[in-house]
Structures are given as structure tokens and as C-alpha cells.
Amino acid sequence: MQLSLRLSAIAEMVTEGCRLVDVGCDHGYLPVYLVLNHKIPSAIAMDVRKDPLSRAQEHLQEYGLGKYIETRLSDGLLALKPGEGDTLVIAGMGGPLMEKILTEGEAVLNSFRELILQPQSDIAHFRHFIREKGWEIVRENIILEEGKFYPMMKAVKASDSVMPPYTREEEWFGKLLLEQHHPVLEQYLQRELRLREEILGKLRNAPTESAFRRMKEIEEEKQLVLAALKRYESE
């Protein structure tokens, strides 16, 4: 089975031997791949919609993995009990929805050894949120696939009750990605800079109070991108 670049990067983050819980499993590609490659012993694939679960079940039958992978209809983590999994994967959703799932499933959440998370939006807020919940980000990656950027992170329970705070650029663009000089991060930062310069150019031709406020916001974001690029290039 061949995974997309995004799913391959997520699969690579899973610790070998861990029982997987995949929330929003879609077609079930990730757990099927990990079981077929003997990286995990078992998995629970969950989705809030029946159609994706049906497609996942078809893949389980195709590969004869019904004994190792269970499917559950579930709104987030609501159909899961504490201790049923070691690794939680939530990928391909907006950051606010992922925050909602993790908050509502907090009793189950704290029984996991590791979280592998790939928010699609509000990523700076999500990094802040996950650390506020007591999870330390120990690995990060960012994938460029078919013109889209996919940042992802692996988190474990923090050993210290108080973690050093992130700077704003670390929350926006990833402390570990900046430290790694990740090549895709540089492409992402250059794109973000171009987008903000384009927006500022358009707003300058709209002399209204709301446009002025928006220009101020975009200029602040542009300075964050420039600070991250400077850090990326200087370290």
C-alpha cells in the first residue's frame, strides 16, 4: 500500500509497538499501512460519519485486517475508553475542531502515551493550546504536497509542570522546525511573506478605516514572518 507524502510523514512519527487510535480515519489508510508493515499491533479507526467508516471497513476486508483493526462510529473521542490506545492520531482537520475534540475527550486523552496531530488551520493557536494542556511538542515536520503545506507535530506528556513559553514566531511557525532549518519551512515562510505583501498592496488602495486596521494586522504578521526568516537564516 502506498501512502501520500502527508500520511507517510504521520506514519513515520508513530512509535513502533503502540496501539493506534485514528480519529477522523477517512478511508483507514493509515492504520492499514501501519499494521501491514508490522509497526503497530492493532488499531481503532474512528469517524463521525458512516461513509468513511464503510470505506475503511472495505479496506480492512481487502487486506484481511478485521482481526487487528476495529472501526467505531464516534464524535471525536466519545466512543473510546481510557487505556484503549497508546498513540492518538488526529489529522486533516481545522485546529478549532481538533481543540474541541481534545477538550471534550480530556479524560481519555490523558491515558495516551503520545499524540500525533496535523491541524489544517489556526496552527499558532493550536500549538499554544496543546502546550497549555500539558503536552510537550517533541517532534515537528512540514510537508509540501500538491501545492499545499501540512505542518504536523508529535507531543508527549510534559515532564515539567511549567514549560518554557514559546515566542510568537515559534507558536506561528514551529520552534523545532526553526531549529532544524527545515527546508520546507523556508518555502512556507517565503510564501507567507509574499501573501502578506500582496494583501498590503491591495489594502493601500482602499483608504477606509477597516482597511487601515487590517493593514496594521497584516503588517504585524509580516514582521513575524520576517523575524522567523531572520532566525532561520542566522542560526
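**Figure 1. Overall dimensions of the predicted model.** The radius of gyration, taken over C-alpha atoms, is 20 Å for the protein. This agrees with a compact globule of 235 residues, which would come near 18 Å; the globule rule is 2.2 Å times the number of residues to the power 0.38. Along the principal axes, the C-alpha atoms fill a box of roughly 60 × 40 × 30 Å. The model is predicted: local features need pLDDT of at least 70, side-chain atom pairs count only at pLDDT 80 or more, and totals for chains, interfaces and linings use all residues. Residues are numbered from 1 along each chain as its sequence is written, and side-chain values use heavy atoms, without hydrogens or water.

**Figure 2. Secondary structure and contacts.** The protein has ten helices and seven strands, which are DSSP runs (helices H or I, at least four residues; strands E, at least two) numbered from the N terminus. Contact means heavy atoms within 4.5 Å. Among contacts with a separation of 6 or more, 69% join residues 24 or more positions apart.

**Figure 3. Burial and W135.** Of the 235 residues, 48% are buried, meaning under 20% relative accessible area with a 1.4 Å probe, protein chains only. W135 is buried because its relative accessible area is 0%. This residue lies in strand β6, residues 135-145.

**Figure 4. Surroundings of W135.** Leaving out residues up to four places away in sequence, W135 touches residues including L109, F112, R113, I130, V156 and M163. A206 is 71 residues from W135 in sequence. Their C-alpha atoms are 43 Å apart.

Key:
Buried means under 20% relative accessible area, exposed over 50%, partly exposed in between (1.4 Å probe, protein chains only).
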